[in-house]
Amino acid sequence: MGLTGATRGFWAVFLAFVLWGLFPVYWHQLRTVPSAQILAHRIVWCALLVIGYLSLRQRHWLEESLRAPRVPWLLAISSVLITGNWGLYIWAVNHEHVVDASLGYFINPLVNVMFGVLVLHERLNRSQRIAVTLAVIGVSYLTWELGTPPWIALTLAVSFGCYGLIRKIAPVQSMAGLGVECAYLLLPAMGYLLWCEHVGTGVLGRLDAYHSTLLIGGGAITGLPLVWFAYGARRIPYSLVGIIQFVAPTLQLLAGVLLFREPFTRVQALGFSLIWAALLIYAADAVPRTRRELSMPR
């Protein structure tokens, strides 16, 4: 008996978040490579994969995507946001801040809720208000106790939240939008890598075969979960996507603490606990709505 579209969609989204959750393990193996060069290689190889995939499916996808009003400049902004997000995440992993990075993706769903209220004029129900309040208390507590805001987590959460907001309002298909972003970023990334080679700091030709493969493969592990996510998110309720997404930061946190032996202090534990409580309330509020949407005829 074949899988239903919703079941296939669930597993596609689930596997995408599992792979995102394992990113620290992947990028950590390239920690001897400068973060900027990892980012540039990630952009180049991901761009070639995504643009090639789209070109095989539809010959004029780029022109059709850019034809809609506002799309060219909206995607120019989103490409800058996702570049900054990717770059900071790689830097965080390779400078022993995996736990801080995982916090950013725990906070991200609640940042999305706040953007929905502030920008899209959506209304929060009682459970959502409690969840957001607890998350704010958790971040404020960490800031007070540590003496500085958790800037890595907040920057990752806000940059990805802004990216998601732009992609929500831009009238373009998800994969085509990613292709346009890749097209914007491809030449600057290639130019930077060529400059590195010119001045003698480029690493691709100086790495062994294993690390060179990892560097090039960064494009595939960037592009594949995005393809899976784009496929699955169209087939299941978005509230269910919001629950599944907690898989990624959970795996990232476990990698930081158990694999890389990063400290997880009592202060962090209490701050995280407040944010986890917020997420449990958020998820509990989303589950009934998800069930209703799944039970509706399609």
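Helix 12 (residues 247-259) contributes the most to the nonpolar patch, supplying 3 residues, where helices (H or I, at least four residues) are DSSP runs numbered from the N terminus. The structure is a predicted model, in which local features require pLDDT of at least 70 and side-chain atom pairs are counted only at pLDDT 80 or more, while totals for chains, interfaces and linings use all residues. Residues are numbered from 1 along each chain as its sequence is written, and side-chain values rest on heavy atoms, with hydrogens and water left out.

The nonpolar patch lies on the surface and is formed by Leu 22, Val 25, Leu 254, Leu 258 and Leu 259, which together have about 440 Å² of accessible area. Patches are made of residues with over 30% relative accessible area and no salt bridge, like charges being joined within 9 Å and nonpolar side chains (Val, Leu, Ile, Met, Phe, Trp, Tyr) within 5 Å; accessible areas come from the Shrake-Rupley method with a 1.4 Å probe, and for residues only the protein chains shown count as cover. Leu 254 is located in helix 12 and is partly exposed, its relative accessible area being 42%; here buried means under 20% relative accessible area, exposed means over 50%, and partly exposed lies in between (1.4 Å probe, protein chains only). Val 247 also has its place in helix 12 and, with a relative accessible area of 22%, is partly exposed. The C-alpha atom of Val 247 is separated by 18 Å from that of Val 93, a residue 154 residues apart from it along the chain.

Helix 5 (residues 71-94) has 24 residues, which at 1.5 Å a residue should span 34 Å, and its end C-alpha atoms are 34 Å apart, in agreement with this value; the expected span is 1.5 Å times one less than the number of residues. Within helix 5 lies Gly 87, which counts as buried at 15% relative accessibility. The C-alpha atoms of Gly 87 and Gly 147, 60 residues apart along the chain, are separated by 25 Å. Arg 70, in the loop between helix 4 and helix 5, has a positive phi near 75 degrees although it is a residue other than glycine, and at 44% relative accessibility Arg 70 is partly exposed. Helix 5 is followed by Glu 96, which is found in the loop between helix 5 and helix 6 (98-118). Glu 96 is not a glycine, yet has a positive phi of about 60 degrees, and with a relative accessible area of 62% Glu 96 is exposed.

The structure holds 1 salt bridge, defined as a side-chain nitrogen of Lys or Arg within 4 Å of a carboxyl oxygen of Asp or Glu. The salt bridge joins the side chains of Arg 167 and Glu 181 at 3.4 Å, N to O. Arg 167 belongs to helix 8 (residues 151-169) and Glu 181 to helix 9, so the pair ties together parts that are 14 residues apart in sequence. Arg 167 and Glu 181 are both buried. Leu 185, likewise found in helix 9, is buried, with a relative accessible area of 14%, and its C-alpha atom is separated by 26 Å from that of Pro 249, 64 residues apart along the chain.

The second largest pocket has a volume of about 360 Å³. Its lining comprises 16 residues, of which Leu 54, Arg 57, Gln 173, Met 175 and Ala 176 lie nearest its centre. Two or more lining residues are given by each of helix 3 (35-57), helix 4 (61-67), helix 9 (174-199) and helix 10 (209-233). On a 1 Å grid over the protein atoms alone, a pocket is an open set of points where a 1.4 Å probe fits, with protein on both sides within 12 Å along at least five of seven lines, and lining residues have an atom within 4 Å of a point. Grid points are joined across faces, edges and corners, and a volume is the space filled by probe spheres set on the points.
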